[in-house]
Every structure is written in structure tokens, then in C-alpha cells.
Amino acid sequence: MIRTRFAPSPTGYLHIGGARTALFSWAYARKHGGKFILRIEDTDIERSTKQSTQVIFDSMTWLGLDYDEGPFYQMQRLTRYHDAAEQLLLSGNAYYCYASKDELDTMREQQRAAGLKPRYDGRWRDSKQTPPPGIKPVLRFKNPLSGDVAFNDLVKGQIIIANSELDDLVLLRADGVPTYNFGVVLDDLDMNISHVIRGDDHVNNTPRQINILKALGEPLPQYAHVPIIMGTDGERLSKRHGAVSVMQYRDDGYMPEALINYLARLGWSHGDEEIFSRDQLINWFDLAAVNRSPAKFNLEKLRWIN
């Protein structure tokens with residue numbers, strides 16, 4: 001069965017880009033008679049709020065993006081992340097790193113001065129030295145040193161990344177909370193997500209997540225990275241291009257059907273159809289018709305549809 005998900009972080013309002021990702025995931029699940037799951041990625045403890053979580057719920061309700069399972073919360077799944085971390089430790093695919101923030105800052109400064117890309121240098125990867133007292137370690141993934149990671153992106157096509165381009169990412173922070181790349185892998189795995197549909201700013205995360213899944217001995221989902229949304233000036237969409245919060249459009253008098261219609265056309269098309277119903281969108285939607293190049297947000301066109 002097709003199972004997709006939308007996994008926002010409750011650190012602010014639901015923006016236009018997130019709503020478009022949610023719409024594509026929802027439409028793909030509905031087209032194929034699958035399930036659409038809502039997950040709240042609330043591991044940013046300092047910035048996550050109940051108010052922002054409620055705004056996500058309100059925005060999706062207003063847009064009519066109903067979900068079949070959830071909401072699930074990452075902070076309620078800490079035991080699962082710790083169990084998987086232990087599994088990776090025991091299999092030799094993870095290790096504790098005791099490098100301090102000052103150490104890592106100095107390392108990056110030296111790399112920049114030498115004209116190198118700043119990245120973790122693996123100093124604790126195979127270290128036999130005694131851990132320094134008083135430092136809580138992070139847990140790092142032992143990324144393969146050679147070979148490539150290849151996957152067929154359902155929007156972008158074949159993507160190949162050399163493992164030498166990837167460093168040993170942090171899996172668990174010193175406080176025991178998982179990083180994005182670790183949490184999302186286990187969540188998608190446990191929720192049986194078949195198709196990970198998300199913004200193409202996550203393309204560089206995908207090879208890391210594939211390597212973690214392989215180390216766990218688990219199957220891979222299909223990946224589809226949709227193009228980011230730009231303003232009419234070619235810059236990444238921001239507040240200066242108009243409202244970026246979904247609920248602001250509601251408050252400004254836009255109809256949810258108009259916004260759904262317009263969001264669907266940001267990066268996807270069905271022939272020359274400009275105005276269509278929700279049922280038509282579900283019937284027509286196909287990831288193969290999603291564009292690879294960035295979509296441009298045009299407020300005048302949204303007003304015309306409204």
C-alpha cells in the first residue's frame with residue numbers, strides 16, 4: 001500500500017512551501033487509495049510550541065488535507081531512537097564522540113583556512129584514547145568511507161553521491177535527543193512510509209538516511225524531492241514576497257479551494273488546466289509531472305484564481 005507522510009516542525013506557522021509539500025503527499029496517497037500520515041517533528045525543544053502545533057492542525061483543516069493516521073510526536077518516541085542507537089553501536093556502525101564545541105569550532109576554522117569544506121574529521125571514529133572526564137558525548141554514525149550512494153528520485157531521476165562527500169553525522173545529541181536525520185529514518189521505517197515526498201532542500205540528507213537504513217538492515221522507501229518555491233524575483237520565497245503563512249491567506253479572505261488549486265500548480269501541471277476541482281487534482285496527480293526546476297510564487301495569479 002502507498003503510505004505518505006507530512007512531517008512539519010512546530011517552530012512557527014505552516015508556510016506555503018510546507019503546505020505545498022503536504023498537498024503533494026496527500027494527493028499522491030489519495031490518488032492511489034493509500035494512507036496519509038501526519039507526524040510532528042518536535043525535537044527542537046527550545047523552539048517547538050503547542051501554539052505552533054495547533055496552527056499546523058488548523059492550517060491543514062482549513063485546506064482540507066485530512067490525514068488517516070497521527071498525529072505522531074517524535075518526543076514520545078525517544079525510547080525507540082535509543083534502542084536503534086544501541087543496535088548501531090553493537091553492530092559497529094556508530095561510536096561516541098567526545099569532541100567539545102571549542103574543539104570542533106577550531107577544526108572547522110583550520111579546514112576553512114586550508115581551503116577545505118568544513119566537516120567532522122572522524123577523530124573519535126576508531127579512537128582508543130580514554131574519554132575525557134565531564135564531557136557528555138554525542139553518538140555519531142560510522143558512514144562508509146568508500147563507494148557511492150545511488151537512488152532513483154521520482155522527480156529528479158538518478159542521483160549518485162560519493163560516500164567520501166559525507167562525514168560521520170551525529171545520531172544522538174549529548175542530551176539523548178535524536179538529530180533530524182536519525183529521527184526521520186526511524187519514523188518513516190516504523191510508520192511503513194512507502195514514498196517520502198519532501199522539498200528538494202533535503203536531497204543532500206537522503207544519502208545519509210539511506211546509509212543508516214542499510215546499517216540497520218532495513219528496506220528503503222521511494223524518494224521524491226519537489227522543487228523549492230521562489231518569489232517572482234528569483235529569490236527564495238519569504239515574507240517580502242507577500243504572506244507566507246497559510247492562515248494569513250485565510251484571514252485575508254482567500255478561499256481554501258483557491259489556495260489548494262494554486263499550490264498544486266506550483267511545480268506540477270496537467271496539460272494547460274489552470275482551474276480544477278479537488279477530485280480532478282486527485283485523479284490527475286502524478287509525481288512524473290512534477291517539475292525539476294524551482295516554482296515561482298505569483299500573488300497576482302493566486303488573486304485571479306480566487
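Along strand β6, which side chains point to one face and are buried, and which point to the other?

V149, F151 and D153 point to one face of β6 (residues 148-153) and are buried. Buried means under 20% relative accessible area; exposed means over 50%, and partly exposed lies in between (1.4 Å probe, protein chains only). Strands are DSSP runs of E with at least two residues, helices are runs of H or I with at least four, and both are numbered from the N terminus.

A hairpin of 3 residues joins β6 to β7. Strand β7 (residues 157-162) pairs with β6 in the antiparallel sense, over 6 bridges. Pairing requires at least two DSSP bridges between two strands. Opposite V149 stands I161 in β7.

## Basis of the model

This is a predicted model, in which local features need pLDDT of at least 70 and side-chain atom pairs count only at pLDDT 80 or more, while totals for chains, interfaces and linings use all residues. Residues are numbered from 1 along each chain as its sequence is written, and side-chain values use heavy atoms, with hydrogens and water left out.

## A sheet of three strands

β4, β5 and β8 form an open sheet of 3 strands in the order β4-β5-β8, with antiparallel pairing. Its edge strands are β4 (94-97) and β8 (170-172), and each pairs on one side only. From one strand to the next, the twist averages 45°.

Strand β5 (residues 138-141) and β4 pair in the antiparallel sense over 4 bridges. Y95 has R140 in β5 as its bridge partner.

## Helix pairs

Two packed helices are described by the angle between their axes and the distance between the axes. Axes here are lines fitted to C-alpha atoms, for helices over the stretch in contact, and angles run from 0 to 180 degrees between N-to-C directions. Helix α3 (residues 78-90) packs against helix α5 (residues 180-190) at about 105°, with the axes 10 Å apart. α3 and α5 are therefore roughly perpendicular to each other. Angles of 65 to 115 degrees count as roughly perpendicular, under 35 as roughly parallel, over 145 as roughly antiparallel and the rest as oblique. From α3, R80, Y81, A84, A85 and L88 meet F182, G183, L186, D187, L189 and D190 of α5. Contact means heavy atoms within 4.5 Å. By class, the contact of α3 with α5 has 7 nonpolar, 1 polar and 3 charged residues. Ala, Val, Leu, Ile, Met, Phe, Trp, Tyr, Cys and Pro count as nonpolar, Asp, Glu, Lys and Arg as charged, and the others, Gly among them, as polar.

Helix α1 (residues 16-31) and helix α8 (residues 256-264) cross at roughly 80°, and their axes come within 10 Å. That makes α1 roughly perpendicular to α8. I16, A19, R20, L23 and F24 of α1 make the contact with L259, I260, L263 and A264 of α8. These residues divide into 8 nonpolar, no polar and 1 charged.

## Helix α6

Helix α6 (residues 206-216) is mostly covered, with 9 of its 11 residues buried. The buried residues are T206, P207, R208, Q209, I210, N211, I212, L213 and L216. G217 follows α6, and its phi is positive, near 75°.

## S194 and H195

S194 lies in the loop between α5 and β9 (195-199). It is buried, with a relative accessible area of 18%. Not counting residues up to four places away in sequence, S194 touches M1, I2, R3, P221 and Q222. A polar contact of 2.8 Å joins the side chains of S194 and H195. A polar contact is a pair of N or O atoms within 3.5 Å; within protein, one must be able to donate a hydrogen and the other to accept it, and residues adjacent in sequence count only if both atoms are side-chain atoms.

H195 is in strand β9. H195 counts as buried, at 10% relative accessibility. Its side chain makes a polar contact with the side chain of Y28 (3.5 Å). Leaving aside neighbours within four places in sequence, H195 is in contact with I2, R3, T4, R5, Y28, L154 and Q222.

## N261 in helix α8

N261 is in helix α8. At 4% relative accessibility, N261 counts as buried. A polar atom of its side chain lies 3.0 Å from the backbone nitrogen of F276. Leaving aside neighbours within four places in sequence, N261 is in contact with E274, I275, F276 and I305.
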